[in-house]
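This note is for a colleague who has not seen the entry before. Please keep the structure open while reading the numbered points.

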Number of protein chains: 2
Amino acid sequence: MKYSRQRELIREAVERSTHHPTADAIYQEVRKKEPNISLATVYRNLNQLADNGIIRRVAVPGEPEHFDHTMAYHEHMICTQCGCVVDIWPEKPLYEQFEALSETGITGYDLILHGLCRACADRNNLKQD
Amino acid sequence: MKYSRQRELIREAVERSTHHPTADAIYQEVRKKEPNISLATVYRNLNQLADNGIIRRVAVPGEPEHFDHTMAYHEHMICTQCGCVVDIWPEKPLYEQFEALSETGITGYDLILHGLCRACADRNNLKQD
DNA sequence: AGTCAAAATAAGAATGATTGTTATTATTTT
DNA sequence: AAAATAATAACAATCATTCTTATTTTGACT
């Protein structure tokens, strides 16, 4: 894997991100510093970074792929109201729960939880009072 | 929801299916009896049936949507070798495990387990002997 | 049975996310 | 510095899915 300025900018943009950006969001961000970068380059590098365990893919059904710079074990919840993706930090990895579910073994999983984010939950409570 | 011959054929095709067919697989199947049916009609009706709780959507990251006629609670595993989708029947609903993960509550989730299906596991063991 | 409004359809265009192609450029190795 | 390799920009292509529109079907009500 050779160095490239573009890949470095992409990696940094994911690193800086507070939300869980899509390829297009990263594209828009990196374009500020590298106006001629191609969207295909962003996709190629995000995939490469994910395949090399440097960033994490977050697959949300019915949405474009999201990406996450936090590699420490955690899960994701999508807000049913505003659509934002929030980190969920279980006390114990869910993986253990899943292992017993198949005789042939579980080697991995994709999980997206659904619920209200803090902001939406609070906003709803305010209106209701 | 008015009756339509097309919707009925689509529902029956999902009902008969042993795997977890995609919209296109259902389209190919229904076309045998209704050659002029449109793919858009298949999509529209699969969505309608799913929205009305008559069939279930099975979202597999990186693949077209699958559908399932079995409405009783169960999970899904995708075989990392052959790509087939198999039903997993947990003793207790995983939902309970997930509820405690968010202060704001969990209203649902999407889960796909990864592992080897029985057939692939057996095949691998044979070769290895 | 005949009329009407609502719902559904076929056909195909359009969309959106993602990947492929190719000629060129940048990076690493010799 | 030259050769070999990987990466890029530009843009075409693909794939799944949804949208549009003119037409047909269905179900309710005479």
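1. Basis of the note. The model is predicted: local features need pLDDT of at least 70 and side-chain atom pairs pLDDT 80 or more, while totals for chains, interfaces and linings use all residues. Residues are numbered from 1 along each chain as its sequence is written, and chains are lettered from A and ligands numbered from 1 in the order in which they are written.

2. Chain A as a whole. Chain A has five helices and five strands, in the order α-α-α-β-β-β-β-α-β-α from the N terminus. These elements are DSSP runs numbered from the N terminus, with helices (H or I) of at least four residues and strands (E) of at least two. The C-alpha trace of chain A spans about 50 × 50 × 25 Å along its principal axes. Of the 129 residues in chain A, 22% are buried; a residue is buried if 20 or more other C-beta atoms lie within 10 Å of its own, exposed if 12 or fewer, and partly exposed in between, with C-beta atoms placed from the backbone.

3. Domains. Chain A is assigned domain 1 (5–68) and domain 2 (75–128), with bounds from an automatic or database domain assignment. Their centres, taken over C-alpha atoms, are separated by 22 Å. Seven residues from domain 1 of chain A and six residues from domain 2 of chain A take part in the contact. Two residues are in contact if their C-beta atoms, placed from the backbone, lie within 7 Å. On the domain 1 side there are four nonpolar, three polar and no charged residues. In this division Ala, Val, Leu, Ile, Met, Phe, Trp, Tyr, Cys and Pro count as nonpolar, Asp, Glu, Lys and Arg as charged, and the others, Gly among them, as polar.

4. Strand pairing. E5(A) and strand E5 of chain B (residues 106–115) run antiparallel and are joined by nine bridges; strands pair if DSSP finds at least two bridges between them. Leu111(A) has Leu111(B) as its bridge partner in E5(B). Within chain B, strand E3 (residues 75–79) and strand E4 (residues 85–88) run antiparallel over four bridges, and Ile78(B) stands opposite Val85(B). The hairpin of E3(B) and E4(B) has five residues between the strands, and there Gly83(B) takes a positive phi near 85°. E3(B) also pairs with E5(B), in the parallel sense, over three bridges, with Cys79(B) opposite Gly115(B).

5. DNA. Around DNA strand C there are 25 residues, of which Tyr3(A), Ala40(A), Ser4(B), Gln6(B) and Thr41(B) come nearest. A residue is near a strand if its C-beta atom, placed from the backbone, lies within 6 Å of it. Helix H3 (39–51) of chain A, and helix H1 (5–16) and helix H3 (39–51) of chain B, each supply at least two residues of this surface. DNA strand D is also surrounded by 25 residues, the closest being Ser4(A), Gln6(A), Thr41(A), Tyr3(B) and Ala40(B). The surface near DNA strand D has nine nonpolar, nine polar and seven charged residues.

6. One loop residue. Glu34(A) lies in the loop between helix H2 (23–31) and H3 of chain A. Glu34(A) is partly exposed because 17 other C-beta atoms lie within 10 Å. Not counting residues up to four places away in sequence, Glu34(A) touches Gln6(A) and Leu9(A).
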